Amino acid sequence: MLGEFEYLLITAAAALGEEAYGAAIRQEIARTTGRRCSIGALYTTIDRLETKGFLKTWTGPATAERGGRAKRMVHVTAKCVHAAKGFYNAVLRVSRGSSWAVDPKEYFS
Amino acid sequence: MRGLVWTVVATVSNLLESHERDAVCGDLVECGEGAWRSLVDVLGLVIRRQSQLWKSWRPWVAGFGLVVPSSFLLMGLSVSVSGTYLHLTRHLQPSGLTDASLIQLILSFALLLGWSWTGGFVVGSISRRTLWLSSILYCFPCLRCLREFHIPSMSKFCLLLFLAPTILGIERGLRIGRIGLNAALVFAIAITILALPLWSNPAGGNWRHPSPWILSCVLSWPAWYLVAVAGNRTRDALIAQQENS
């Protein structure tokens, strides 16, 4: 079972697709949750997920806006998608009937 | 990334692996983070990484199983070698150079080199990212013994005779990580043969003056550890080769 922050990171990386790397994932998490994500939490979680086979990372291109430094690119694996689906479904199931549960149709309308 | 705090950030980030340092510093520049916030972020990551490293047995063995005991023992051996050298040069005529003590000096010096180098190599190879602590642990016994060393006829630096081969060993350990099985076996057998006379020496026996065989075990295990690592690697390579063929 994934942890909350692991799920957030995976979801942000999946949403970014080919453009998923450290800084972009941090900004995506901050934008969607309104919470600042520390670099320490981000990179240690990426490592943990990579060890579990949920993420694949490699060194990406260096850009001028990064002072000529390389990016750590992130790719979400099929195994990770399966685990994220499991986590999402578990949250939906456990939340059903709770006072704060929102009907997804209502949420997205 | 300019200014004093940024310099501290860059310095602290040196404790990260090079590829991670690049990614982290690039992220900070790209996001336009402030210097203090960046410092907190990088420090946080460094602390997390260091705490992960200490979950492994390697830095503990390197620090407290090798550096602390071996530095005391090697300082003792350094003084012994220096004393033998001074005795030879001061009290013997050139004709006395064939004396058995000259052979003893050469053998002791070779043993000191071997023990120091293999110990340094193992420290460098198993505690790469915690080498800062191993270095501090080397310093404490050295400073303490330098302070308490009072032999008028000898320089205090006689204590540190082992330091140069140890540093060379650490440097090689950091650079290549492991040596081949044949080289490791040659080292280990040579060191064991050189140390054999110690086993028959009845001197010592308490914690201040440990028995020579304890000294020999504590200082010789890195050489046999290198043999075990090289042997495992060779066996794995053979298995992989058999599976491929």
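Visitor: What average pLDDT does chain B have, and how do you know how many of its residues score at least 70?

Guide: This is a predicted model, in which local features need pLDDT of at least 70, side-chain atom pairs count only at pLDDT 80 or more, and totals for chains, interfaces and linings use all residues. Residues are numbered from 1 along each chain as its sequence is written, while chains are lettered from A and ligands numbered from 1 in the order in which they are written. The pLDDT is the predictor's confidence in each residue, from 0 to 100; chain B averages 85, and 91% of the residues score at least 70. For the complex, the predictor gives an ipTM of 0.84 and a pTM of 0.71.

Visitor: How do you know which residues belong to the contact of chain A with chain B?

Guide: Two residues are in contact if their C-beta atoms, placed from the backbone, lie within 7 Å, and the contact takes 17 residues from chain A and 17 residues from chain B. On the side of chain A, α2 (22-33), α3 (39-51) and β2 (69-76) each supply at least two residues.

Visitor: Why is the largest group of 35 residues called a nonpolar core?

Guide: The name applies because a nonpolar core is a set of buried Ala, Val, Leu, Ile, Met, Phe, Trp, Tyr and Cys residues joined through C-beta atoms within 7 Å. A residue is buried if 20 or more other C-beta atoms lie within 10 Å of its own, exposed if 12 or fewer, and partly exposed in between, with C-beta atoms placed from the backbone. The largest such core has 35 residues, and those with the most contacts inside it include B:Leu74 and B:Leu112. Of the elements, α5(B) gives the most to this core, with ten residues. A second, separate core of 30 residues includes A:Ala20, A:Ile25, A:Leu55 and B:Leu45.

Visitor: What makes domain 1 and domain 2 of chain B two domains?

Guide: Their bounds come from an automatic or database domain assignment, which gives domain 1 (4-53) and domain 2 (58-238). Taken over C-alpha atoms, the centres of these two domains of chain B are separated by 37 Å.

Notes:
Helix = DSSP H or I, 4+ residues; strand = E, 2+ residues; numbered from the N terminus.
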